[in-house]
Amino acid sequence: MLKPRVVAVASALALVPSLAAAHTGVGDTAGFAHGFEHPITGLDHVLAMVMVGVLAFQLSGRALWLVPITFVAVMALGGALGVAGVNVPFVEIGIALSVVVLGAMVALGVKSPVPVAMVLVGFFAVFHGHAHGAEMPETSAGLAYGVGFMLATALLHTAGIAVGFLIGRIGEKHGAAFVRATGAFAGLAGIGILTGLL
């Protein structure tokens with residue numbers, strides 16, 4: 001059985017990518033590989049996506065699939081707004097706040113009704129989708145890019161659910177504390193992103 005500290009450190013390291021540049025105009029924006037790469041190389045996106053998964057784990061039941069699917073579906077709509085050039089105000093702030101709010105919900109163990117969680121993650125998904133959609137070219141390479149970032153996002157949600165299950169399996173006594181510590185870590189990182197420290 002893994003020691004709680006080992007799991008906590010491994011979870012923290014899994015949440016921190018080597019690069020934090022997944023926003024408009026950064027890097028290549030054409031093709032499936034670039035679309036897949038962008039969400040997993042942006043600290044704010046990784047933290048938000050994993051927190052969606054951990055939140056879904058905490059809520060359990062239907063939330064395990066409804067919350068992540070809502071995020072991916074609404075993110076696709078936000079991406080379409082970005083591709084169409086529709087202005088969505090405060091995109092970067094919305095993305096940073098998603099990390100803060102979702103991290104805080106996980107840290108505090110908020111047990112919101114599933115429809116409320118779906119609306120909340122859907123609201124934040126608009127900002128994440130718009131940021132990626134605004135950088136997509138309006139070509140078939142742009143479509144492949146969109147498929148790539150949606151698949152990467154779904155995998156990050158799955159990672160969040162897996163992190164929740166892994167931490168929860170440590171034991172009844174320590175599982176909730178580790179899940180909450182993961183949320184607190186994400187929330188603090190979100191504050192760092194929001195204030196420009198990260």
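Predicted model: local features only at pLDDT ≥ 70, side-chain atom pairs only at ≥ 80, totals over all residues.

1. Two residues are in contact when heavy atoms of theirs lie within 4.5 Å. On that basis, among the contacts in the protein that join residues at least 6 apart in sequence, 80% are between residues at least 24 apart.

2. As to secondary structure, the protein contains eight helices and zero strands. Read from the N terminus on, the order of its elements is therefore α-α-α-α-α-α-α-α.

3. The protein has 198 residues, and 49% of them count as buried. Its accessible surface amounts to about 9,200 Å², with 73% of that area belonging to carbon and sulfur atoms.

4. Four aromatic pairs are found in the structure. In one of them, the ring centres of F123 and F127 are 5.2 Å apart and the planes stand at 90°, so this pair is classed as edge-to-face; the class requires planes over 60 degrees apart.

5. Where do F123 and F127 lie? Both belong to helix α6, which covers residues 114–133. They are four residues apart there, about one turn of the helix. Ring pairs also link F123, F124 and F127 into a cluster.

6. Is F127 buried or exposed? F127 has a relative accessible area of 10% and is therefore buried, the limit being under 20%. F123, by contrast, has 46% relative accessibility and so counts as partly exposed.

Key. Residues numbered from 1 in each chain as written. Heavy atoms only, no water. Phe/Tyr/Trp six-rings, centres within 6.5 Å; stacked < 30°, edge-to-face > 60°. Helix = DSSP H or I, 4+ residues; strand = E, 2+ residues; numbered from the N terminus. Buried < 20%, exposed > 50% of the residue type's maximum accessible area, 1.4 Å probe, protein only. Areas by Shrake-Rupley, 256 points an atom, 1.4 Å probe, with all protein chains shown as cover.
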